[in-house]
Amino acid sequence: MGSRFMTPAVVVGGGINGLGVVRSLGQAGVPTIVIDANAAAPALRSRYAKAVISGGDQPSDIVHALESVAGRLSPLRPVLILTTEQAVAAVASNYGSMSKRFHLTMGAPSRLEPALHKDGVRTIALEAGLAIPRTIHITEREQLDAIARCKLPLVVKPGRRTPAYEQAFDKAYRVDDYDSARHLIARILPVLPDVIVQEWVVGLDSDLYFCLQYRPLNGGRAFSFVGRKLVCWPPRVGGTASCTAAPEAGELVEATDRFFEHAGIRGLASMEYKYDMTRNAYVIVEPTVGRTDFQEEIATLCGTNLPLLAYCDTLDLAAPARLPPGTRVRVWRERYGTARSAAHPHAEPAVMPEGAQVVDALQRWNDPGPAVASLVARVERRLPRIGRRKS
């Protein structure tokens with residue numbers, strides 16, 4: 001099978017997301033290169049990819065690394081798969097030159113831009129006739145009283161994440177009263193004058209669902225996989241720590257198609273939903289566009305290899321057949337996030353499918369490098385703290 005794939009794939013981002021993509025491509029026989037500024041990033045230690053360490057994680061650093069890799073591979077034109085928001089921003093800003101050097105798996109930046117901002121997401125969702133929580137966009141202190149138009153509790157999050165925001169604040173916050181929300185937003189505004197306030201959708205983390213897609217660049221039916229989160233880290237407002245397939249929520253494919261068709265988005269994309277028991281309906285949480293999602297590998301583990309489908313589409317190769325999902329339910333688990341979530345004061349009841357086969361995001365017997373590198377990095381981070389306690 002490996003001889004079928006001669007063109008290299010270049011994956012930007014060596015974290016858990018990138019590791020899942022590298023394994024999805026590498027195990028299918030695609031020659032793969034992964035780029036990250038962090039030499040300890042797990043995907044850089046995978047047997048399925050050649051590692052390239054970039055000079056930094058800013059857009060200019062990413063573009064420089066991509067130009068260098070493309071130069072070394074010339075005249076081949078590799079397939080580019082992005083796994084981070086910074087990489088999407090970097091390639092979008094240099095779309096013309098990047099599309100000459102790589103086969104891209106993201107659509108035109110002009111189409112992506114509205115869906116990269118949470119207020120733009122609300123507009124698209126409403127125009128497409130999809131349910132989304134009531135949302136207020138705050139850009140200055142004088143607008144703080146507007147949050148009272150939303151029912152408590154609230155979710156406070158950035159309109160778009162920036163390095164300055166991420167250094168000072170969490171991904172999102174759940175707030176139970178208006179005064180606390182105003183205080184929090186007033187702290188955020190000097191760092192990022194672009195804050196989104198939404199009504200909280202009643203439900204548990206295990207009521208969060210997602211639809212991962214690859215939408216062929218020249219049109220045609222999207223390849224889709226629907227999954228469900230089982231554990232988030234941190235609880236209630238965090239990212240995926242454990243997840244599984246959710247065939248019972250197959251209707252989300254149609255909703256996801258409707259959103260992205262309305263927005264004109266092609267390439268890699270995904271949408272997160274929460275099941276709202278008060279509405280008896282799925283409500284949009286947020287999309288991911290231009291790149292793979294953190295838990296993308298659960299689709300591959302269940303027989304739908306979306307990175308490989310993207311690779312084949314951009315090279316005009318026949319789409320690989322989907323593999324049967326198997327008789328056992330599979331659970332993708334990021335071990336540390338799952339464990340920390342269980343110990344958190346807001347931990348929610350674990351919902352593990354009976355008889356499930358748990359597949360660890362890092363630890364694989366046939367690709368041990370990422371887990372070993374992660375363990376060594378954790379020990380190195382803790383040693384100085386242990387030394388300070390003894391002194």
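Asp207 lies in the loop that connects strand S9 (195-199) with strand S10 (208-215); helices (H or I, at least four residues) and strands (E, at least two) are DSSP runs numbered from the N terminus. The model is predicted, so that local features need pLDDT of at least 70 and side-chain atom pairs count only at pLDDT 80 or more, while totals for chains, interfaces and linings use all residues. Residues are numbered from 1 along each chain as its sequence is written, and side-chain values use heavy atoms, with hydrogens and water left out.

Asp207 is buried (under 20% relative accessible area, with exposed over 50% and partly exposed in between; 1.4 Å probe, protein chains only). Asp207 has no salt bridge, defined as a side-chain nitrogen of Lys or Arg within 4 Å of a carboxyl oxygen of Asp or Glu. The nearest side chain of opposite charge, that of Arg228, is 5.0 Å away; Lys and Arg count as positive and Asp and Glu as negative, with His and the chain ends not counted. Leaving aside residues up to four places away in sequence, Asp207 touches Tyr273, Lys274, Tyr275 and Met277 (contact: heavy atoms within 4.5 Å).

An open sheet is formed by five strands in the order S3-S2-S1-S4-S5, with parallel pairing; two strands pair if DSSP finds at least two bridges between them. Strand S3 (50-53) and strand S5 (103-104) are the edge strands, each pairing on one side only. Four bridges link strand S1 (residues 9-12) to strand S4 (residues 79-82) in the parallel sense, and Val11 has Ile81 in S4 as its bridge partner. Helix H1 (residues 16-26) packs on this sheet through S1, strand S2 (32-36) and S4, its direction making about 165 degrees with that of S1. Helix H11 (residues 306-314) also packs on the sheet, where it touches S1, S4 and S5, and its direction makes about 145 degrees with that of S4. Axes are lines fitted to C-alpha atoms, for helices over the stretch in contact, and angles run from 0 to 180 degrees between N-to-C directions.

In helix H3 (residues 85-93), the residues Ala87, Val88, Ala90 and Val91 are buried. They are on the same side of H3 because they cover an arc of only 165 degrees around the axis, the arc being that of the directions from the helix axis to the C-beta atoms.

Strand S12 (residues 239-245) has six of its seven residues buried. Strand S11 (residues 223-233) and S12 run antiparallel and are joined by six bridges, with Gly227 opposite Ala245.
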